[in-house]
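Q: Please take a close look at one part of this model. I want the open space in it, and what surrounds that space.

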Amino acid sequence: MRQELMSLPKTLAEDVARNLVMVARLIDEDPEQAYAYSRIALRLASRVAAVREAAGFAAYATQKYAEALAEFRAARRMTGSVELWPVMADCERGLGRPERALAMAGEPEVQKLDKAGQVEMRLVAAGARRDMDQLDAAIVTLQSPELASNSVQPWTARLRYAYADALLAAGREDEAREWFAKALESDKDGTTDASDRLAELDGVEFVDAFAEDAEDEADEADDAEESVRGKDEPAAGAAEVVADEAGDTGADVDAVEDADGGDGERRGGAER
């Protein structure tokens, strides 16, 4: 990539490089932001193959498969390399064209891929078979020397996981469990959720401690609110007592006034 950027003026090359660095940093955790940086780099240097490739991966990460495929094709035309062949085939799957992905799996370009690329192509082909509801064919597609090998390579965990998942989809639960365990054993970087899938098969249920704490805090807040309301209620009751007493007093005053009124009338009558 550095070599390709040297074809640009120094200041422009630095600007493009900064944006490409941000694409690489963000593509896993914030793909939309990575995509935005890739568009800036593409606007600055669309004739650099590395920029087209980065833009393709950013679009792929945001499921913009048509755009990703166009960028990958452009990069391939510029470099003549076949290393993007598997991800191009997977874009065809994303566009709802699994038959095209399968056709690409049978093209001569596959033989030019390195071992990692060939395994990736096998994964894409198996995925295409599953897209077409050909589960048994997907399982057979994944059966390979790389799957049977005891050596752990960068692709081993993903290959074993895909095989376990296909077995489970086909209803072969015991075999699936065995291969999920093998996937977990080889997954040193945690690239798959094999441990969760194993736990699910074993009937183990995980509890989110943070969610429980939040629920406890909510319950405590409700209790505190009820306690405050409880303290306010006696005051309200006291107010009612005062009101009743005031009402009684009012009644007494009325009675006195009635009595006074009667006496007045009697006095007036006597005077008259």
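What is the volume of the largest pocket?

A: The largest pocket has a volume of about 670 Å³. (A pocket is an open set of points on a 1 Å grid over the protein atoms alone, where a 1.4 Å probe fits, with protein on both sides within 12 Å along at least five of seven lines; lining residues have an atom within 4 Å of a point. Volume is the space filled by probe spheres set on the points.) Its lining has 28 residues, and Asp90, Glu120, Leu123, Val124 and Arg158 are the closest to its centre. The elements that give two or more residues are helix H4 (49–61), helix H6 (85–94), helix H8 (115–131) and H11. (Helices are DSSP runs of H or I, at least four residues, numbered from the N terminus.) H8 contributes the most, with nine residues. By class, this lining has 16 nonpolar, four polar and eight charged residues. (Ala, Val, Leu, Ile, Met, Phe, Trp, Tyr, Cys and Pro count as nonpolar; Asp, Glu, Lys and Arg as charged; the others, Gly among them, as polar.)

The model is predicted: local features need pLDDT of at least 70 and side-chain atom pairs pLDDT 80 or more, while totals for chains, interfaces and linings use all residues. Residues are numbered from 1 along each chain, and side-chain values use heavy atoms, without hydrogens and water.

Helix H2 (10–26), H4 and helix H5 (65–79) each give two or more residues to it. The lining divides into 11 nonpolar, two polar and four charged residues.

Now back to H11, one of the elements lining the largest pocket. H11 has two helix partners to look at here, H9 and H12. Leu135, Ile139 and Leu142 in H9 meet Leu159, Ala162, Tyr163, Ala166, Leu167 and Ala169 in H11. (Contact means heavy atoms within 4.5 Å.) That contact has nine nonpolar, no polar and no charged residues. On the H12 side, residues of H11 including Arg160, Tyr161 and Asp165 meet residues of H12 including Trp179, Phe180 and Lys182. This contact has 10 nonpolar, two polar and six charged residues.
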